[in-house]
Structure formats: C-alpha cells, structure tokens
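These are my notebook entries on one protein chain.

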Amino acid sequence: DARSEEQRSSSHVWLLILICGVCDATYTSIAPFFPQRALERGLSATTNGFIFSVFMVGGLVFVPVATHLSRTTGSRVLLTVCILLEAGLTAAFALSPLMHGPGAFFAFTFGLRLAQGVVATVYEVAVSALILRAVPSDRVGAVVGMQESARGVGMMIGPSLGGVLYGVGGFVLPFLASALALALLGVVVLVILPPPLPKSDESEGPPVTIAEVALRPPIAVTVAMLTSLAMALSVLDPVLGPHEHDQFNLEPSAIGLIFSAATITYALCSPLAGVIGERVGNFRVLVVGMLVTAASFQLMGPSPWAPKGWLPTRVWLLVVAMVVMGCGASTLTCAVPCMLAVANGGGLNTDAISDVVGGLLSFAWSVGALVGPLYGSAVVQSMGFSKATSVTGVALLGLTGAGTVLFCATYTRLQQHTSAMASRPALADDSVVFEAPFPLPPSGQPLPSNGATAVRGTGAAVASSFGLANGSTAAVAATSRSRAIASNKRRTFAAAHCSVPELSEPLIDPTAARDSDDERD
C-alpha cells in the first residue's frame, strides 16, 4: 500500500545518505598516516600535496561526463559499479609499499588518487540524482541537510578509524578494511535499491544539459556562492595547523580537535539549516550562513582591524571561530533546493534535471576544495595569518552582497517572464483553428503546391492556402507539440496533424463551376 511504499522509499534514502558518510570516511581515513609514510619514501611535502589535491582535479574535469553517464546508464547501476570500483582502487593502495623508489611510489599513488577522484565524482552525481528523485520537492532541503550531516560525520570519524587501524595492522589494514566496507555497500545497493521506472513516451525529449541549467542567471549566482562557501571551508587546511603550532605551541592531537570543532558543528547544523530553509526561504538562509562564515574569519585571526583588546589572541577564541564557521557553512545545504526552485519555475521538472543539479553540486565542491588551499597558502604567505583571514572574511562578505543583489534581480526578472508567458491566452490542446477559403482535397491526396502560408498561434500551426475561383469554407485544426513549448523556451512551426471535419454542406463540384462560368460567358 501507500504507507509501505513510503517506508521503502525512506529506507532507500537513508541508504543513500549512509553511502555518503561511508565514502567520505574512507576518503579521509589516510590523513593520519599516509603523509608521513610518503615522506619516508622520499617524497617532498609539495609532492605529497599533489597526491591529495589530484582527487579534486579528477572530479572537476569529469563532472560533465558523470552527468551524462548518470542520465544514460541509470543511477542505480552506475552507483553500484562506482562503489565496487572505489573498493578496488582503495585496496590497490595497499600495494604501494611494493613500489621501489620515490618516483614509482609517487606515480602509483598519484594515478590511484586521480582515478578515485573520477569515480567519486560519478557516484556523487548518481547519489544526488537518486535522492532528488526519491523525495518530494518540499523535503529536499531537509534530506540534503541529512546528507551533508552524514558527510560531516564521515569526515570526522574517518581519520580516527584510519589511525586506529594503522596502529593495529600497519599500512595495509586501513586500505583493506575500507575496501571491504565499500564492497559490501556496493552489494547492498545492488540488492536493495529498486530498478528505475521505465520512461513514458510523453516524457521523452532532448536531455537537459549542464549549460542549459547553469547559464540561467539565478542558478549561476547560486553555484558561485556555493563555490565560495566550499572554498572557505577548505582555505584553512594547509595554514591553520602551522599557525596553531607556532602561535600556541599545540600538539597535533590538539590541532585535530580544533579542526573537528568546525566539522562537528557542520554535521549538527546541516539538518537544521535544511528545515529552516524550507520554512523561511532557502536563499535567505544561504545568505545568512555566508554572512556568519565571513564573521568567523574576523574572529579567527583575530582581525587586526578590531579595537585593541576586543579580540584577544587566545585558543578559546579560535575554537569559537571554528564553531561559528561550521554553523555558517552548514547552510550550503540550502543551495540545492534553491537551484531546483529556479529550474522548476523555468519549466524544468526535477526528474529531468536531477543529474545536472548533482553535477553542479559536485562541480562547486571540487572547485572550492581545489582553489581554497591554494588561495590560503598564497595569501597567508604574503600577509600573515591574522590579516589574511580578515581579508578573506571581507572578500566573502563582498561576494555575498554582490550575489544577493544579482540573484534577486535576475530571479525577479525570471518570475516576471514566466508570469507573462503563463498569462498568454491558449486554446485547449495547444490548437489553432482558422478558416481556409478553399475546398480541401479528399484524405490521402496531395495538396497542390502553388502557395503556402504559415499561420502562427498559441502553439505551432501551418496551413496551405490556394487561390481558387470558388470554394466553400472548411474548418481546419492544426496542432504541433514540442518539448520546447512546454518549457516556454522556443517555438517551432511545422505541419502537423490536419483533419477535415464533416461538412454540413457538400463541396462545390468543380465541373458545375466550369459550366456556370461558360454560361456567364
């Protein structure tokens, strides 16, 4: 019945959320031990950073292909294959100690990490598409909030589990344990997730492309704001640890706890941000979150522009700044329902754009995670930590203001255009009825070719008219359908199903008409 179907759908969504948490845990599990092992194998810190950052590069480049694969292959099959591939790639890392020399070790691990980034992008797009199709539009914000909460928990417990497993079984055990967990998860997905429903003929049409969605100004602004927020989350990765060590002489364990303050807050606040966004407006909550994140960077330094004595350089203030940043960044969960609302208002349904929205979300995350550390390292090296974080907060504040103005202006214009199109008078079945001053030939016979006139109406209608001396009036209905008309994007004019209704009076006999002309002569 309907209740049991709803329960099954809910369990499927929870499974997809679990996938996000487990995959992010395996991704971060190598953080406690792999960098040190790479240094021992003769790699430099910069080369080590390339191994980590190439994960995002692979995902960024492969986003358009991932969206196409998710649409054409089917998200369920694609998700299963990608999780099993990720398990195999993770297990292959256990073979890296067999590589002789730093060059071979770097090439092997760099290639594996690149492949992991590509596969991860594909399954993230598939997961996002399946979630968006499975939940009602008014619940997207809350579900995406739970998804991001699972990611936060995974990123938080991944390093801890990786460190424990490394201590128990050495370098190989963390990779084998992660691969086993992913393989079991892939089998569960294949067994539990239902196959996709067959598409009806009426819903078939040209696929919606990433450019078609992303080039809508309100969506482009939302993606830019999401990217800047993702960049703010990752900008501290290469610089906060050295700052804490130099400024407060903290141990690595204490530094990890300060990092986890933002992660824990992010995981706790993401579901709440999604629920609040559904009630007061997703874009409003996104803007407030960006403002809060910008304020956290002023506390982090602390800001050299603050009045003397107001913001002391203390560890507790740094912890407060990280908590505030995690709270503000959690509102990025509102970006997905915001993009869906804009696309739906423009005539695109959720099923048609779920893969594209998942691709845009992955694109924004990849760009932010790639640019953030590079920007953070460069700006801290040139300005120092305190001034650099303050400048970053001001820049994020300016981006928030500009994005808000652009979104409001473009979204209002889009609503006005949509309302104007909706208010145009239309006939049932998108038909146009007109009168042709000529007798139509019987069905099956070709029409003469001595003239044609295109007639435009609410839909697309084409009729042919011919200059005959005598004739009676025939009512002709012409209809033309296209997917572009449904999305209020373009109009096509082509000859379509023409039918001649039964006439109450017989058509004039052409022979009788010629006799009448002879008599007049």
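Entry 1, the whole chain. I looked first at contacts, meaning heavy atoms within 4.5 Å. Among contacts in the protein chain with a separation of 6 or more, 82% join residues 24 or more positions apart. I noted that this is a predicted model, in which local features need pLDDT of at least 70 and side-chain atom pairs count only at pLDDT 80 or more, while totals for chains, interfaces and linings use all residues. Residues are numbered from 1 along each chain as its sequence is written, and side-chain values use heavy atoms, with hydrogens and water left out.

I then looked up the secondary structure and found 18 helices and 4 strands; these are DSSP runs numbered from the N terminus, helices (H or I) having at least four residues and strands (E) at least two. Of the 521 residues, 43% count as buried, that is, under 20% relative accessible area with a 1.4 Å probe, protein chains only (exposed is over 50%, partly exposed in between).

How do the axes of H12 and H13 cross? The axes of H12 (residues 282–300) and H13 (residues 315–329) come within 8 Å and cross at roughly 165°. Axes are lines fitted to C-alpha atoms, for helices over the stretch in contact, with angles from 0 to 180 degrees between N-to-C directions. The angle makes H12 roughly antiparallel to H13, a term for angles over 145 degrees. The residues in contact include Gly289, Val292 and Phe297 of H12 and Leu317, Ala321 and Met325 of H13.

Leu286 is found in H12. Is Leu286 buried or exposed? At 0% relative accessibility, Leu286 counts as buried. Leaving aside neighbours within four places in sequence, I found Leu286 in contact with Thr222, Leu229, Thr331, Leu332 and Ala335. The C-alpha atoms of Leu286 and Leu332 are separated by 6.1 Å, although the two residues are 46 residues apart along the chain.

I checked H9 (residues 217–234) and found 13 of its 18 residues buried, so H9 is largely enclosed by the rest of the structure.

Thr80 lies in helix H4 (residues 75–92). Its relative accessible area is 4%, so Thr80 is buried. Not counting residues up to four places away in sequence, Thr80 touches Gly186, Val189 and Leu190.

Key
Parallel < 35°, antiparallel > 145°, perpendicular 65-115°, else oblique.
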